[in-house]
Amino acid sequence: MTAPSDTGPTVGRASVWLASGTIISRVLGFASAALLASVVGQKGAGPNAFALANQLPSYIYAIVAGGLLSAVLVPHIVRAAKDADGGQGFVNRLVTLGIVAFLGVTVAATLGAPWVVGLYSIGSSSGALPDGGFQLAVTMAYWCLPQIFFYAVYSLVGEVLNARGIFGPFAWASVLNNVVMIATLIAFAMIYGVAPDHFSANSWDLPQIALLSGGATLGVVLQAILLILFWPRTGLRFRPDFRWRGAGLGAPARASGWIFGLVLVVQATNIVQFNVALQANESDVSAAVLRTTWLIFMLSHSIVAISIATPYFTRMSAHARDGDIGALRRDLSASLRGIAMLVTGCGTAIAAAALPFAAFFSTSRSLTEAIAAVLLAFLVGLVPFSSLFVVQRAFYALGDTRTPFVLQVVQAVLFIAATLGILFALKLDAAVSPYVAAGIALATSLSVIVQAILAALLLRRRLGGGGRGLVKRFGIYALAALPAAAAGIGVLALLGGFAPDGFATAGKVEGLVSTAIVGSTVLIVHLGLLALSRAPELAGLAGILKRFTPRR
């Protein structure tokens, strides 16, 4: 059996396939989030209980192996491809071990649902998850927590596909998940009505919980099954193999130790975030709005950063395996420049259109302004967040998982300190309650900025210098963003975005139309200014798109 090439398809072509799948998935994801906001709501015990229950599976999955799969497995699968059997035995044992381990974790977490929910909602009965909300969250969690196993299967298969140079299915499979969730919400609305019918915890019965939470789980199940159908393209034949001793799994296990610690640190910050957010008054924005704004925040990161970084990570892992640090540095620089240019433009567009974008998920002007404030606070850290994603993968490609762990501890300390400060202020003055969610978002951004700067400095030392050209390019992107943002804000003002009864925030359709107009204006101005500056990254982007343009 022959192993696939180290790089598989070109990075540009792979990135476009990833981005296209991610765009479709994100568009459907926004439709799903908007439906959820309309059907269930954004404030109250019901929306907050579902937000908590449906996020727990991804949190627990991340604790066990989220970082392990993305950070450790790809480099080791790439190295195993040089084995005589093309990595067949290594992958079979690895996937078998993962399935067994995750099945056990899923059963344990589901049985321990009350304890798990309690960990993320300590003392929340006096805030955004009042009496009855905790038990509602527990009941929903029983339906949602089985997602852990299917998230794991999806990620295991996806990382094997990525390591073998097959990138598209991993992004496109999530489209099915969103389609199922949209269908679930439509059915729920037709049968049980829409918000505000579901704000109170007492308004929920078991059939409602089963339909909404069960539908969310069904989407994850089908997503995993769809990805499994692409396994034959890896050139591997999966057979369960329980011969784990002496199977070469020791190196991934040792590398995963620091990653496991890193993910535990991340989850510690999530626990603090949820508990502090749920201390806000029931009538103020809390967990549900944080979930919605994080979805918007992740839009450009998912479409741009993940789509570009994923194929580059496979290539950098191959360069590290071969000892070609020069090639690794070139790929790192290329990925960072492309990501920073596009993320800066997209982030600026979202920021300028924050009010109409928020109106798409809102039912009132006050809620629109609250959502926009939280979104803007998250966007402060968007470019550093996406850059950090790439820098971390450079460390992982080099086999260094300890440094990212230490940096995550630094970020966690800063975030927790700031978030506890918000909680202290809330206890001193209840008037702080409407600003809790925005404060948490800003604390996230500022702590990530520090983490990204430290990571870049340490990686520069590890690679023997470089990076000055990158700083210059980042500065050019930022300067081009200023007039682009001004143009977008001007268009927003013309659309009545700052008037209480203006067109831009009058409703969901008006908000969506205004978001498209303002965002397009920002992107056109930003890219136009970069073209005038002869940014070399634009030529690379044009070349990639040209290959996908139909020829006569």
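Arg534 is exposed, with a relative accessible area of 75%. Its place is in the loop between α18 and α19 (536-547). The model described here is predicted. Its protein chain holds 19 helices and 0 strands. Of the 552 residues in the chain, 56% are buried. Among contacts in the chain with a separation of 6 or more, residues 24 or more positions apart account for 86%.

- Phi of Arg534 is near 60°. That is a positive value in a residue other than glycine.
- Arg534 counts as exposed because its relative accessible area, 75%, is over the 50% cut-off.

**The nonpolar cores**

- The largest nonpolar core has 74 residues.
- Leu332, Ile339, Phe361, Ile440 and Leu459 have the most contacts inside this core.
- Helix α10 gives the most to the core, with 15 residues.
- A second core is separate and has 59 residues. Ala45, Tyr120, Ala137 and Leu236 are included in this second core.
- Ile339 belongs to the largest core. Leaving aside neighbours within four places in sequence, Ile339 is in contact with Val304, Ala305, Ile308, Ala309, Thr344, Ser386 and Val390.

**Helix α10 against helix α13**

- Helix α10 spans residues 287-322, and helix α13 spans residues 365-379.
- Their axes come within 9 Å and cross at roughly 50°.
- That angle makes α10 oblique to α13.
- The crossing of α10 past α13 is right-handed.
- On the α10 side, the contact is made by Val289, Leu290, Thr293, Trp294, Ile296 and Phe297. On the α13 side, the contact residues are Leu367, Ile371, Val374, Leu375, Phe378 and Leu379.
- By class, this contact has 11 nonpolar residues, 1 polar residue and no charged residues.

**Helix α10 against helix α14**

- Helix α14 covers residues 382-397. The axes of α10 and α14 come within 9 Å and cross at roughly 20°.
- α10 is therefore roughly parallel to α14, as the angle is under the 35 degrees cut-off.
- This crossing is also right-handed.
- From α10, the contact uses Trp294, Phe297, Met298, Ser300, His301, Ala305, Ile306, Ala309, Phe313, Met316, Ser317 and Ala320.
- From α14, the contact uses Leu382, Phe385, Ser386, Phe389, Val390, Arg393, Ala394, Tyr396 and Ala397.
- The residues of this contact divide into 16 nonpolar, 4 polar and 1 charged.
- Trp294 and Phe297 of α10 take part in the contact with α13 and in the contact with α14.

**Ser302, within helix α10**

- Ser302 is found in helix α10.
- Ser302 counts as buried, at 3% relative accessibility.
- Not counting residues up to four places away in sequence, Ser302 touches Thr22, Arg26 and Ser307.
- Ser302 and Ile23 are 279 residues apart in sequence. In space, their C-alpha atoms are 8.4 Å apart.

**Arg473, a buried arginine**

- Arg473 lies in helix α17, which covers residues 468-494.
- With a relative accessible area of 13%, Arg473 is buried. The value falls under the 20% cut-off, so this arginine counts as buried.
- Leaving aside neighbours within four places in sequence, Arg473 is in contact with Arg337, Ala535, Pro536 and Glu537.

- Ile517 lies in helix α18, residues 508-532. Its relative accessible area is 36%, so Ile517 is partly exposed.
- Ile517 touches Val491 and Leu495, not counting residues up to four places away in sequence.
- Ile517 and Leu495 are 22 residues apart along the chain, and 9.4 Å separates their C-alpha atoms.
- Leu218 lies in helix α8, residues 206-228. At 43% relative accessibility, Leu218 counts as partly exposed.
- Leu218 and Cys144 are 74 residues apart in sequence. Their C-alpha atoms are 9.3 Å apart in space.

How values were computed. Residues are numbered from 1 along each chain as its sequence is written. This is a predicted model: local features need pLDDT of at least 70, side-chain atom pairs count only at pLDDT 80 or more; totals for chains, interfaces and linings use all residues. Side-chain values use heavy atoms; hydrogens and water are left out. Axes are lines fitted to C-alpha atoms, for helices over the stretch in contact, and angles run from 0 to 180 degrees between N-to-C directions. Helices (H or I, at least four residues) and strands (E, at least two) are DSSP runs, numbered from the N terminus. Angles under 35 degrees count as roughly parallel, over 145 as roughly antiparallel, 65 to 115 as roughly perpendicular and the rest as oblique. A crossing is left-handed if the near helix is turned anticlockwise from the far one by less than a right angle, and right-handed if clockwise. Contact means heavy atoms within 4.5 Å. Ala, Val, Leu, Ile, Met, Phe, Trp, Tyr, Cys and Pro count as nonpolar, Asp, Glu, Lys and Arg as charged, and the others, Gly among them, as polar. Buried means under 20% relative accessible area, exposed over 50%, partly exposed in between (1.4 Å probe, protein chains only). A nonpolar core is a set of buried Ala, Val, Leu, Ile, Met, Phe, Trp, Tyr and Cys residues joined through side-chain atoms within 4.5 Å.
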